[in-house]
Amino acid sequence: MTSTRVDVRPLPKIDLPPQTSDIGEIAVRTARPGDEHAVCRLVNAWADEGLTLRRTPAEVVVRIGEFVLCEQGGFAIGTGALAVFSPALAEIRSVAVDPTVKAKGVGRAVMTFLVDAAKTLELDEIVLLTKVPGFFAKFGFREISAAQLPPSFLEEAIIGRGRKLVGRTIMIRDVM
Ligand SMILES: CC(C)(COP(=O)(O)OP(=O)(O)OC[C@H]1O[C@@H](n2cnc3c(N)ncnc32)[C@H](O)[C@@H]1OP(=O)(O)O)[C@@H](O)C(=O)NCCC(=O)NCCS
């Protein structure tokens with residue numbers, strides 16, 4: 001069943017439209033200041049395996065509006081981020097599910113929320129870099145080569161930020 005919750009707290013500037021979608025007992029919402037520690041706990045749980053990039057609360061809080069949290073019983077069990085790069089393009093980053101609740105649909109809930117947010121923002125395409133392409137293929141992402149990335153994204157978001165492509169699959173999907 002789908003329902004909408006109204007958040008009456010004053011919100012700081014955020015990048016994603018505030019919205020909530022319930023999927024059974026789990027709910028996904030836009031993250032807010034104060035959530036950065038939960039985001040880091042989830043993302044960093046996978047950093048030693050190289051599946052995610054380690055984040056600090058200070059790094060996350062300045063981009064908190066890009067993140068979402070999936071909660072169950074008030075406990076954060078999943079996260080992910082939609083980083084808008086241009087009016088047409090965004091990147092999904094830092095998708096991570098609490099290792100104790102893997103394979104329970106939390107990753108799907110996070111991805112559904114992020115893709116819906118991209119639709120609301122009327123973006124054209126979403127890209128991502130990942131070591132688990134099979135998961136993202138479930139959500140319509142297809143593999144591309146670095147040469148197929150928009151050149152400005154490659155130069156600014158990858159090379160310019162010193163990010164490595166080695167060992168990662170580059171994927172893209174249309175938003176609509
Ligand atoms: C990948 C991850 C987000 C999946 O989350 P999850 O909650 O376990 O996934 P879900 O239960 O929602 O699964 C959704 C679908 O994806 C599939 N799936 C899950 N993990 C998968 C994987 N590693 N490879 C391929 N398919 C996968 C499931 O089988 C399911 O398919 P179905 O709907 O056809 O049955 C989670 O395992 C995780 O946090 N991994 C470590 C961090 C990571 O690699 N993040 C990606 C960074 S880019």
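**Starting from valine 127**

Valine 127 is buried because 24 other C-beta atoms lie within 10 Å of its own. For the term itself: a residue is buried if 20 or more other C-beta atoms lie within 10 Å of its own, exposed if 12 or fewer, and partly exposed in between, with C-beta atoms placed from the backbone.

Before going further, this is a predicted model: local features need pLDDT of at least 70, side-chain atom pairs count only at pLDDT 80 or more, and totals for chains, interfaces and linings use all residues. Residues are numbered from 1 along each chain as its sequence is written.

Valine 127 lies in strand 6. Helices (H or I, at least four residues) and strands (E, at least two) are DSSP runs, numbered from the N terminus. Which residues does valine 127 contact, leaving aside neighbours within four places in sequence? They are Leu89, Glu91, Leu149, Phe153, Ile170, Met171 and Ile172. A contact means that the two C-beta atoms, placed from the backbone, lie within 7 Å. Isoleucine 92 is 35 residues from valine 127 in sequence, yet their C-alpha atoms are 6.4 Å apart in space.

Now the strands around it. Strand 6 (residues 125-130) pairs with strand 5 in the parallel sense, over three bridges; two strands pair if DSSP finds at least two bridges between them. In that pairing, leucine 89 stands opposite glutamate 125. The chain gets from strand 5 to strand 6 through helix 3, and this β-α-β crossover is right-handed. Right-handed means that, with the strands pointing away from the viewer, the path from the first strand over the helix to the second runs clockwise.

Strand 5 (residues 89-97) has eight of its nine residues buried. Strand 4 (residues 75-84) pairs with strand 5 in the antiparallel sense, over six bridges, and glycine 78 stands opposite valine 97. The two strands form a hairpin, with four residues between them.

Next, helix 3. Its 15 residues, 106-120, should span 21 Å at 1.5 Å a residue, and the end C-alpha atoms are 21 Å apart, which agrees. The expected span is 1.5 Å times one less than the number of residues. The buried residues of helix 3 include Val106, Val110, Phe113 and Leu114. After the helix comes glutamate 122, whose phi is positive, near 60 degrees.

On to the core. A nonpolar core is a set of buried Ala, Val, Leu, Ile, Met, Phe, Trp, Tyr and Cys residues joined through C-beta atoms within 7 Å. The largest one has 40 residues, of which Val39, Val110 and Leu114 touch the most other members. Helix 3 gives the largest share, nine residues. Not counting residues up to four places away in sequence, valine 39 touches Ala31, Val60, Phe67, Leu69 and Thr79.

Finally, the chain as a whole. There are five helices and eight strands, in the order β-β-α-α-β-β-β-α-β-α-β-α-β from the N terminus. Of the 176 residues, 32% count as buried.

How high is the mean pLDDT of the protein chain? The mean is 89, and 86% of the residues reach 70 or more; pLDDT is the predictor's confidence in each residue, from 0 to 100. Over residues 6-19 the pLDDT is below 50, and this stretch has 19 contacts in the model beyond near neighbours in sequence. Where pLDDT is low, the predicted coordinates should not be read in detail.
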